[in-house]
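Okay, thanks for coming, everyone. Let me put the structure up.

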Amino acid sequence: MPEVVCFTSVSLSYLDRARVLAETVKRVHPDWTLCICICDRPHPGFRFDPDTEAFDRVVWVEDLDIPDLRSWIFKHDVVELCTAVKGYLLANLLDEGFAKIVYLDPDIAVFGSLANIERLLDTSTIVLTPHVVAPEDHEQAIADNEIGTLKHGTFNLGFLAVRNCPEARRFAEWWRSRLHQYCYDDVANGLFTDQRWCDLVPCFFDDVHILRDPGYNVASWNLNRRPISFDTDGNILAGGVPLRFFHFTKVNSIGQIMLTRYAGGALGAFDLLKWYRQRLRVHGVPDLPAHYWAFGHFEDNEPIRREQRLLYRHRVDLQRAFPDPFSVGGHSFSHWYAHHVAAAASQAA
């Protein structure tokens, strides 16, 4: 069995990003096993052929043996689901015997060797990267990056690495349990999907390495401290050190705004963004509808609203009454909601 496995988690609408990740990981580490978990179901007009993909292994969410799967999925939006499965897959890969396991978000591209991660895992149980590694000195940056980190978590869980040992398995079991029950975007109540939980990792587990090298997990929110440049040989640098991987999070929304704000007039970051968008076009999924997600609607194709997910999430009685909340018909969650919630709201209006 290969020593290192690298895994990621996506819906099919993020497959173009995952393909760029796979392309860049395989270019730098062809010996790594690459695994993708797909939290989705195929669209009828789109044929997904694992044999034509760069991934060595494809796992569907149904393969993870998650209890009460349909009910559990319904409680999550697409981002929450794609992060909630990470604990399950990590535990499974540890059970399979991989010596070293690396998680990378699908919207990451690898630009340099990650051999140092492998070396760190010779002695460390868990490796984490902080969102920021230096104090800010401007009010806007403090608000965006330091206060933002306090809200969303000290460590960016677009990256995680563990060594297969009893302490790592203890971590995986704990993280899997917490993500099963509490992997929600609920910042007001102290939760931000899988990230806030890992604030506790250095408190609970031994041999945790906090990787503060500015070349790892470079992103729009830390560019002001890690400007992108090129040396005379054309190598990409971040904050003057070799760039290892760049996290292209939300490049078409808030990430673009943050990149513009913190890249300043330097062209390096925009050169990377131009390259990334070109690779996304190469790896696009033209037969898939925009923003497709199979679990985003009921079986009759009616979109599921967030308030419906939240109500179901917080009502154990509804979970027991409707174990498959995606179904439709006389005895279904959607029918109950229409007659007890939507109708009452309409009368009140």
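Let's start with a quick one: are Trp-174 and Trp-197 buried or exposed? Both of them are buried. Bear in mind that this is a predicted model, so we're talking about computed values throughout.

Now, the overall picture. The count of aromatic pairs comes to 28. Take Phe-48 and Trp-60 as one of them: they pair edge-to-face, with 5.8 Å centre to centre and 85° between the planes. Where do they sit? Phe-48 is in the loop between strand E2 (33–38) and strand E3 (57–60), while Trp-60 is in strand E3 itself. That puts the two 12 residues apart, and the pair links distant parts of the chain. Phe-48 is buried, and Trp-60 is too.

Back to our two tryptophans. Trp-174 and Trp-197 also make an edge-to-face pair, at 6.3 Å centre to centre and with 85° between the planes. Trp-174 belongs to helix H7 (residues 166–182), and Trp-197 to the loop between strand E9 (191–192) and helix H8 (201–204), so this pair ties together parts that are 23 residues apart in sequence.

Then there's a cluster to look for on the screen. Phe-74, Trp-293, Phe-295, Phe-298, Tyr-312, Phe-322, Phe-326, Phe-333, Trp-336 and Tyr-337 form one aromatic cluster.

Notes
Residues numbered from 1 in each chain as written. Predicted model: local features only at pLDDT ≥ 70, side-chain atom pairs only at ≥ 80, totals over all residues. Heavy atoms only, no water. Phe/Tyr/Trp six-rings, centres within 6.5 Å; stacked < 30°, edge-to-face > 60°. Helix = DSSP H or I, 4+ residues; strand = E, 2+ residues; numbered from the N terminus. Buried < 20%, exposed > 50% of the residue type's maximum accessible area, 1.4 Å probe, protein only.
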